[in-house]
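Please keep the sequence and the coordinates in view while reading.

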Protein chains: 4
Amino acid sequence: MSSMENAESQGGVAAGELRQFIERVERLEEEKAALQDDIKDVMAELKARGYDVKAVRTILALRKKDPDERQEAEAILELYMNALGMA
Amino acid sequence: MSSMENAESQGGVAAGELRQFIERVERLEEEKAALQDDIKDVMAELKARGYDVKAVRTILALRKKDPDERQEAEAILELYMNALGMA
Amino acid sequence: MSSMENAESQGGVAAGELRQFIERVERLEEEKAALQDDIKDVMAELKARGYDVKAVRTILALRKKDPDERQEAEAILELYMNALGMA
Amino acid sequence: MSSMENAESQGGVAAGELRQFIERVERLEEEKAALQDDIKDVMAELKARGYDVKAVRTILALRKKDPDERQEAEAILELYMNALGMA
DNA sequence: ACACAAAGTTCGCGTC
DNA sequence: GACGCGAACTTTGTGT
């Protein structure tokens, strides 16, 4: 490495720029983790109030899906279950 | 490293033994990957025959679960869905 | 269901309360998804600037780990790799 | 459903065929699970012999990758780490 | 029971 | 545009 190298140009990489990018991502990930914690807290609260967490998770998942798609999928599933005697 | 070192005792690790373990795992993983491929093939065949792959996956998942547990979970889910007007 | 039932007490579930919980989680998940999108954008920007995204991801992962733990883990790994001639 | 329906033609689905497919997959999944158990056993044995399981997992992962690709990736990573002073 | 880890599922990406 | 691959998230199991 030449004597011109410094913190801002290590081996052809603009160190400062790279660092900026990384720190931006890290900040966003921190905020994201904080939200994840918040969700965890709400779930704990839910549970403490006597709700079934797994069922609530299922509800959340269902609400994310398109109702038509979901109904369609359920219909096929039921068809197969009937065919297999899993009613 | 001392002059006593050889392929079977590198830095205090019994290289031969370690290699044996690793190769055993790799063989098992190979077989496992082969089975995974077989499953993939069956799924492709299913699909080619006109079946809905996602629904079949759901069926497989359901069949793995205890029927009582499943029924219980469904009952709770339905209760919540009714409460939320998602019927 | 008895005539006393209303939107707030469906089958013994306090519908309003349940709904509150669910909507709280959904709001948090929305914010979380927005942050995920932001991260995605930064990654795209990184990439456009010529950086290797996978390497940046690795950097981010490394920075999350305790430096001491990491060094220890690396030392063991190197030991094993030497033993196996993977140097 | 018409009076012609039987176990082999439920609602337009060839129940027997569907069942065959599902049972084939289930058999394969069983074998796969058995192998997974075997791997788990080997890992436990490894551990009992004093090896670091996590490091062994890393070795296995590294050996799956193309050596050239890996070296390339490591070079980039090192470059970035130097630029960030993480050496 | 809690946290850590492993498995499965899902989503985004690159490829053809 | 679909398909297969790889990474991320979620969920399930385990060990403390």
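Predicted model: local features only at pLDDT ≥ 70, side-chain atom pairs only at ≥ 80, totals over all residues.

Which helices each supply at least two residues of the lining of the second largest pocket? They are helix H2 (53-64) and H3 of chain C, together with H2 and helix H3 (67-83) of chain D.

Residues are numbered from 1 along each chain as its sequence is written, chains are lettered from A and ligands numbered from 1 in the order in which they are written, and side-chain values use heavy atoms, with hydrogens and water left out.

From the N terminus on, the elements of chain A run α-α-α. Of the 87 residues of chain A, 34% count as buried; buried means under 20% relative accessible area, exposed over 50% and partly exposed in between, with a 1.4 Å probe and protein chains only.

In chain B, helix H1 (residues 15-48) has 34 residues. From its first C-alpha to its last, H1(B) reaches 49 Å, close to the 50 Å expected at 1.5 Å a residue; the expected span is 1.5 Å times one less than the number of residues. The buried residues of H1(B) include Leu18(B), Phe21(B), Ile22(B), Val25(B), Leu35(B) and Ile39(B). The buried residues of this helix pack against helix H2 (53-64) of chain B, helix H3 (67-83) of chain C, and helix H1 (15-48) and helix H2 (53-64) of chain D. Just after H1(B), Gly50(B) takes a positive phi of about 95°.

The pockets come next. On a 1 Å grid over the protein atoms alone, a pocket is an open set of points, where a 1.4 Å probe fits, with protein on both sides within 12 Å along at least five of seven lines; lining residues have an atom within 4 Å of a point. The volume is the space filled by probe spheres set on the points, and grid points are joined across faces, edges and corners. About 2000 Å³ of space lies in the largest pocket. Its lining has 44 residues, of which Glu74(A), Leu77(A), Leu62(B), Glu74(B) and Leu77(B) lie nearest its centre. Helices H2 (53-64) and H3 (67-83) of chain A, with H2 and helix H3 (67-83) of chain B, each supply at least two residues of this lining. By class, the lining of the largest pocket divides into 20 nonpolar, six polar and 18 charged residues; Ala, Val, Leu, Ile, Met, Phe, Trp, Tyr, Cys and Pro count as nonpolar, Asp, Glu, Lys and Arg as charged, and the others, Gly among them, as polar.

The second largest pocket holds about 1600 Å³ of space. Of the 41 residues that line the second largest pocket, the closest to its centre are Leu77(C), Thr58(D), Leu62(D), Glu74(D) and Leu77(D). The largest share of this lining, twelve residues, comes from H3(D). The lining of the second largest pocket has 19 nonpolar, five polar and 17 charged residues.

Arg70(C) is in helix H3 of chain C and is buried, with a relative accessible area of 18%. Leaving aside neighbours within four places in sequence, Arg70(C) is in contact (heavy atoms within 4.5 Å) with Leu62(C), Met81(D) and Met86(D). Arg70(D), in helix H3 of chain D, is buried, with a relative accessible area of 18%. With residues up to four places away in sequence not counted, Arg70(D) touches Met81(C), Met86(C) and Leu62(D).

Finally, the structure holds eight aromatic pairs over all chains. Rings of Phe, Tyr and Trp (its six-membered ring) pair if their centres lie within 6.5 Å; planes under 30 degrees apart count as stacked, over 60 as edge-to-face and the rest as tilted. Tyr51(A) and Tyr80(B) form an edge-to-face pair, 6.0 Å centre to centre with 70° between the planes. This pair crosses between chains, from Tyr51(A) in the loop between helix H1 (15-48) and H2 of chain A to Tyr80(B) in helix H3 of chain B. Both Tyr51(A) and Tyr80(B) are buried. Phe21(B) and Tyr51(D) also form an edge-to-face pair, 5.9 Å centre to centre with 70° between the planes. Phe21(B) lies in helix H1 of chain B and Tyr51(D) in the loop between H1 and H2 of chain D, so the pair joins two chains.

Technical notes
Helix = DSSP H or I, 4+ residues; strand = E, 2+ residues; numbered from the N terminus.
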